Amino acid sequence: QVQLVESGGGLVQAGGSLRLSCAASGSIFSIDGMGWYCQAPGQQRELVASITRSGYTNYADSVKGRFTISRDNAKNTVYLQMNSLKPEDTAVYFCNAFVTTGGSPYRTFWGQGTQVTVSS
């Protein structure tokens, strides 16, 4: 149906940068909102940043000024530029997308997650 594939995670030192990408594919008619969430061990999944189709963005307070979300609607892809990374940013990062396949209501799809580890 619809698949979301993340890439760009890895191990980085504190103060470094990473860029995550998430490409959506499959029976896509239109994508509304897209977003990035993170989940640390033993913690609940929480919102990092989101972006509407028109480009309106929303960020968690903990990443404001350090992370930037963007999207390429032609490529059905959302990005997360992560700068000034901190050890507390260590988590599995998941992307999601609010998608309609045409003739059906919008629903949320999730990627499989990509690990981000920030060493001190």
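User: Which element gives the largest share of the lining of the largest pocket?

Analyst: Please keep in mind that this is a predicted model. The largest share of that lining comes from strand S5, with 3 residues. S4 and S9 are also among the elements that give two or more residues to the lining of the largest pocket.

User: Which residues lie nearest the centre of the largest pocket?

Analyst: They are Cys38, Glu46, Ser62, Glu88 and Asp89, out of 19 lining residues. The volume of this pocket is about 250 Å³.

User: How should I read the sheet, and in what order do its strands stand?

Analyst: In a regular strand the side chains alternate between the two faces of the sheet. Here, 4 strands form an open sheet in the order S1-S3-S8-S7, and their pairing is antiparallel. Strands S1 (2–7) and S7 (67–72) are at the edges; each has a single partner strand, so one side of each has no neighbour in the sheet. On average, neighbouring strands of this sheet are turned by 15 degrees against each other, direction ignored.

User: How many bridges join S1 to S3?

Analyst: There are 6 bridges between S1 and strand S3, which covers residues 18–26. Leucine 4 has alanine 24 in S3 as its bridge partner. S3 in turn pairs with S8 over 6 bridges, in the antiparallel sense, and leucine 20 is found opposite leucine 80 in S8.

User: What links S7 to S8?

Analyst: These antiparallel strands are joined by 6 bridges, and phenylalanine 67 stands opposite methionine 82 in S8. The two strands form a hairpin with 4 residues between them, and asparagine 76 in the turn has a positive phi of about 50 degrees.

User: Is S8 mostly covered or mostly uncovered?

Analyst: S8 is mostly covered, as 5 of its 6 residues are buried. A residue is called buried when its relative accessible area is under 20%.

User: Which residues touch the most other members of the largest nonpolar core?

Analyst: The general idea is that, in soluble globular proteins, nonpolar side chains tend to be buried together. In this model the largest nonpolar core has 31 residues, and Trp36, Val48, Leu80, Met82 and Tyr93 touch the most other members. Several strands each supply at least two residues, including S1, S3, S7 and S8. The element that gives the most is S9, with 5 residues. Leaving aside residues up to four places away in sequence, tyrosine 93 touches several residues, among them Trp36, Val48, Phe67, Leu80 and Met82.

Terms used:
Residues are numbered from 1 along each chain as its sequence is written. This is a predicted model: local features need pLDDT of at least 70, side-chain atom pairs count only at pLDDT 80 or more; totals for chains, interfaces and linings use all residues. Side-chain values use heavy atoms; hydrogens and water are left out. Two strands pair if DSSP finds at least two bridges between them. Axes are lines fitted to C-alpha atoms, for helices over the stretch in contact, and angles run from 0 to 180 degrees between N-to-C directions. A nonpolar core is a set of buried Ala, Val, Leu, Ile, Met, Phe, Trp, Tyr and Cys residues joined through side-chain atoms within 4.5 Å. Buried means under 20% relative accessible area, exposed over 50%, partly exposed in between (1.4 Å probe, protein chains only). Contact means heavy atoms within 4.5 Å. On a 1 Å grid over the protein atoms alone, a cavity is a set of points where a 1.4 Å probe fits but cannot get out, and a pocket is an open set with protein on both sides within 12 Å along at least five of seven lines; lining residues have an atom within 4 Å of a point. Grid points are joined across faces, edges and corners, and a volume is the space filled by probe spheres set on the points.
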